[in-house]
Every structure is written in structure tokens, then in C-alpha cells.
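Hi everyone, thanks for coming.

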Amino acid sequence: MNDMERNGNLVVDETAYRILRLLGKGKGGYSYLAEKDGVQVVVKQIHHEPCDYYTFGNKIEAELRDYERLQKAGIRIPRMHAVDRETERIVKDYIEGPTVMELVQSGASVEPYLPQVRDMAAKAMAAGLNIDYYPTNFVIHDGLLWYVDYECNDYSEQWDFEHWGIQYWLPKR
């Protein structure tokens with residue numbers, strides 16, 4: 001454990017965040033629920049583990065670029081609070097609620113959220129983007145759908161919601 005990881009904390013830009021639990025692991029990093037002064041946040045630690053189906057450049061710079069692109073497109077995303085390029089860590093809002101994947105796995109209907117994801121898809125397409133429509137990347141909070149990842153790519157019909165993402169949102173027929 002180095003000086004940036006102390007006593008169950010992750011340090012981001014000289015601020016220590018107490019890690020509460022692992023939220024998940026994605027292609028680009030590990031996301032942890034963390035706390036600082038009674039406020040819960042997500043600390044994302046970029047990793048460099050190989051991914052057979054995706055090619056990365058500079059991951060931390062991609063996160064920052066994608067955050068800006070998603071904001072400009074009007075996609076509902078958590079606010080970024082801090083970034084530490086040296087340790088490759090990001091701090092962002094924690095959006096509490098179930099993921100769309102949790103709804104799908106429990107057999108609950110995702111129908112009420114399809115208009116919201118389709119609105120996000122239209123905004124993304126208008127900005128020349130695709131987001132990662134996999135259901136673990138979407139959280140429902142107070143009836144609103146949040147895209148909690150910052151990953152986005154140049155638009156391709158093959159990877160848009162109607163041609164790729166929807167298959168993971170709806171029960172297999």
C-alpha cells in the first residue's frame with residue numbers, strides 16, 4: 001500500500017476518501033462507494049487490465065473528454081468533483097438507487113424507463129455519440145434515469161440503443 005492508499009482510504013488530489021465498498025468493476029476501472037465528511041461519493045480507480053473487445057488510449061484523459069462531451073450533449077450524468085491524473089482517480093456524485101440490471105434480473109419492468117433512455121440515445125446521436133447502454137451503467141433515482149458511466153464513443157448505428165443496448169434491457173423472448 002502506497003502513501004495514496006492509507007487506512008482504507010483512497011487519496012484523490014491530496015484529499016482522503018474513506019472506502020465503504022466496491023460498487024463494481026468495468027472495462028476501465030473499479031468504482032468504490034466512498035465517504036468524506038458525511039457525504040457519499042464514487043471514487044473510480046482506473047485500471048489497466050486487458051480487455052479483449054475494447055481498445056483504450058489514455059484512460060484518464062478519455063474520462064475527462066467523455067465527461068465534457070456528455071455534458072454538452074445533455075445526458076444526465078453524475079457531477080465530477082475531482083480528478084487526480086497521477087493516481088488515475090476520479091471523484092463523482094454517488095447516485096443512489098437500483099441499476100437497470102438489478103431491475104432486469106429481478107424481473108421488474110423497465111418499460112417506465114425506456115422513454116428516458118431513448119431520450120438519452122437521441123441526445124447522444126444528435127451529438128454524434130453512443131453511450132454504453134449496458135444496464136449496469138444506469139441507475140434509477142427518484143424516478144429519473146442516470147447514466148453513471150462517462151464512457152462514450154463516436155456514433156455508430158450498430159452500437160446504438162435500438163440495435164445493441166435494448167437486447168440487455170428487455171427479457172429474452
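**Rings and their neighbours**

Let me begin with Arg-76, whose charged end sits over the ring of Trp-146, 6.0 Å from the ring centre. By "over a ring" I mean that NZ of Lys or CZ of Arg is within 6 Å of the ring centre and within 35 degrees of the ring normal. Lys-92 gives us another case: its charged end sits over the ring of Tyr-150, 4.3 Å from the centre.

A word on the basis: this is a predicted model, where local features need pLDDT of at least 70 and side-chain atom pairs count only at pLDDT 80 or more, while totals for chains, interfaces and linings use all residues. Residues are numbered from 1 along each chain as its sequence is written, and side-chain values use heavy atoms, with hydrogens and water left out.

Now, ring on ring. Rings of Phe, Tyr and Trp (its six-membered ring) pair if their centres lie within 6.5 Å; planes under 30 degrees apart are stacked, over 60 edge-to-face, and the rest tilted. That rule gives nine aromatic pairs. One of them is Tyr-133 with Phe-161, edge-to-face at 5.4 Å centre to centre and 65 degrees between the planes.

To finish, Tyr-133, Phe-138, Tyr-147, Phe-161 and Trp-169 make up one aromatic cluster.
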